[in-house]
Amino acid sequence: MRRVNVYAPILVLGLLSTGFAVVSVVAGSLTGPKRYNRARLDAYECGIEPTPQPVGGGRFPVKYYLTAMLFIIFDIEIIFLYPWAVAFDSLGLFGLVEMVLFIVTVFVAYAYVWRRGGLDWD
Amino acid sequence: MSVHTLGRLPLAYQPAGTFGTDPWWLVVLKAVGIFVFLVVMTLLAIWWERRVVARMQHRIGPNRVGPQGLLQSLADGIKLALKEDIVPRAADKVVFVLAPVLAAVPAFMAYAVMPFGPQVSIFGHRTMLQLTDLPVAVLYVIAVTSIGVYGIVLAGWSSGSTYPLLGALRSSAQVISYEIAMGLSFVAVFLFAGSMSTSQIVNQQTNLWFAIPLLPSFLIYATAMVGETNRAPFDLPEAEGELVGGFHTEYSSLKFALFFLAEYINMVTVSTLATTLFLGGWRAPWPLSLVGVDPAHPEGLLNTGWWPVLWFIAKINIFIFVFIWLRGTLPRLRYDQFMRIGWKILIPVSLLWILAVAAIRALTLDITLDRRTLFVWVGGVLAVVFVVSLAWDTLAERRGAAGAQDVPAAGFDPMAGGYPVPPLPGQSLPAYADLAVSPVSARAGSAEPDGTRDPVEGDDA
């Protein structure tokens, strides 16, 4: 029972802010003027004819994909570090040695990516 | 409980104080309070930013609407509401409308676990000045704020336009890159506090703010939080010269206002997190914290009741001022420089620092050593290393730029050494005229095959 009550206030704040955001989006379409203009509904490209966009956004550099992959690796490392840090004092030297082994293992991959130029953005 | 006097921390991951026992009306009251606080902070921060940047640029800034222009942001908001709400023809309509909601809601929700102060009395109820707290409060904040990235990505993707798509990609790559450094900088704090609960972390900073022993973590966090909120000098997703407005180029009216609101609330949130984790949260700064301390009141006068809200808001506003200051001072970084700082400096430095902190702590738990001195020294050394590495990069770049300028100064050759247009018969290359005083062109000349030498050069040889 107590556990539920700790999380319930988050839900209250979430409902409150969702209500505000939805009301704002709806209100914005009601309060403003509506005058049809063909050019205004075009994609904005500083006044020139918009570049035709393929459905789904088209291609973009593979660099972003690589960044996302690397992010996942390090994010998982962080998720392992958090509980370890909280419980560090009861783990003591054992916990330290274990974590050094883990960080070194991930660091090997990191050094490899660095050497292969995966962290360079040209 | 203080950081340096205790040995092993008890497993104190549970929040300090009682949470989850408030009546419903109090929960709703606190939630509305947080909502109003964030909206007012946003309105004030926008005004504050425009006034301060104006002063830095020898302008006056908005001063017409309300006293000192305080109501300017409110007037701007009303004006935005009266503007046409455009949904471009190429847009994915549903996602386009959903994206601003998805950006704004998590920004509000992250504030649910922020401690405004200690226990106070509201209408006769003793309650903590904090909506709620969890054993994993800081993790919750990170989780909720990363949902905001979806709002940005979907806004750019659904606009059906080139600039928003590029802005959204940049923005998401930037936020996830700096989130790693940000997440790593928290580890040392959890190690010291033995908890991820915000109230417990503030509690552990009674005698010593974590920014002092964990200075490198604090600096890394301060850098990462600017990147995380897409603010200058890391405001690449909104680089006007390259991307117009970035991911919100196609948005207008109150949908645009929601993105604006989300950005400023995120600024307030990261500032609050910095305050809570590193600067003692709502605790009074040092000389003031001693006012009224006696055996009956160990917390002192200014750390009880409603006073802490004042320190809390003051500390947040210091961070917001630094945000504005950075924007008024520094030029925008290039994208490759920005990514290099994140991936090649902040991440390895924070990993090394975590290991250093853990090693020192593990060693001093058993061996009696003046841990505070040790930490201040190690922290100082690492902070110096961090600053030197940044300075080294800047200097190396400047040297490179200076070197590039020096090369043509050694002797400008309008005929480019006879390549690609060889000299006409009877014409001589000007580079060889001052051959005796210019060793650079002499070396270049001697390296050339004999066939291309002109008569003047041949005579000298």
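## Exercises on a predicted two-chain model

Of the 134 residues in the largest nonpolar core, those touching the most other members are A103(B), A104(B), V189(B) and F278(B). Such a core is a set of buried Ala, Val, Leu, Ile, Met, Phe, Trp, Tyr and Cys residues joined through C-beta atoms within 7 Å. Buried means that 20 or more other C-beta atoms lie within 10 Å of a residue's own, exposed means 12 or fewer, and partly exposed is in between, with C-beta atoms placed from the backbone.

This is a predicted model: local features need pLDDT of at least 70 and side-chain atom pairs count only at pLDDT 80 or more, while totals for chains, interfaces and linings use all residues. Residues are numbered from 1 along each chain as its sequence is written, with chains lettered from A and ligands numbered from 1 in the order in which they are written.

**Exercise 1.** Find which helix gives the most to this core, then list what A104(B) is in contact with.

*Solution.* Start with the helices, which are DSSP runs (H or I, at least four residues; strands are E, at least two) numbered from the N terminus. Helix α5 (residues 162–193) of chain B gives the most, with 21 residues. Next, take contacts as C-beta atoms, placed from the backbone, within 7 Å. Beyond its neighbours within four places in sequence, A104(B) meets S17(A) and A21(A), as well as L258(B), L261(B) and A262(B).

**Exercise 2.** Describe the side of chain A that touches chain B.

*Solution.* First count: the contact takes 58 residues from chain A and 73 residues from chain B. Then locate them: α1(A) supplies the largest share of the chain A side, 19 residues. Finally, sort that side into 35 nonpolar, 15 polar and 8 charged residues. Here Ala, Val, Leu, Ile, Met, Phe, Trp, Tyr, Cys and Pro count as nonpolar, Asp, Glu, Lys and Arg as charged, and the others, Gly among them, as polar.

**Exercise 3.** Work out what the buried residues of α11(B) pack against.

*Solution.* Begin with the buried residues of α11(B), among them W311(B), F312(B) and K315(B). Now look across from them: they pack against α1 (24–56), β1 (117–122) and α9 (253–278) of chain B.

**Exercise 4.** Decide whether S199(B) is buried or exposed, and place its surroundings.

*Solution.* S199(B) sits in helix α6 (residues 198–203) of chain B. S199(B) is buried because 27 other C-beta atoms lie within 10 Å. Leaving out residues up to four places away in sequence, S199(B) touches several residues, including P15(B), P115(B) and D133(B).

Note on methods: Contact = placed C-beta atoms within 7 Å.
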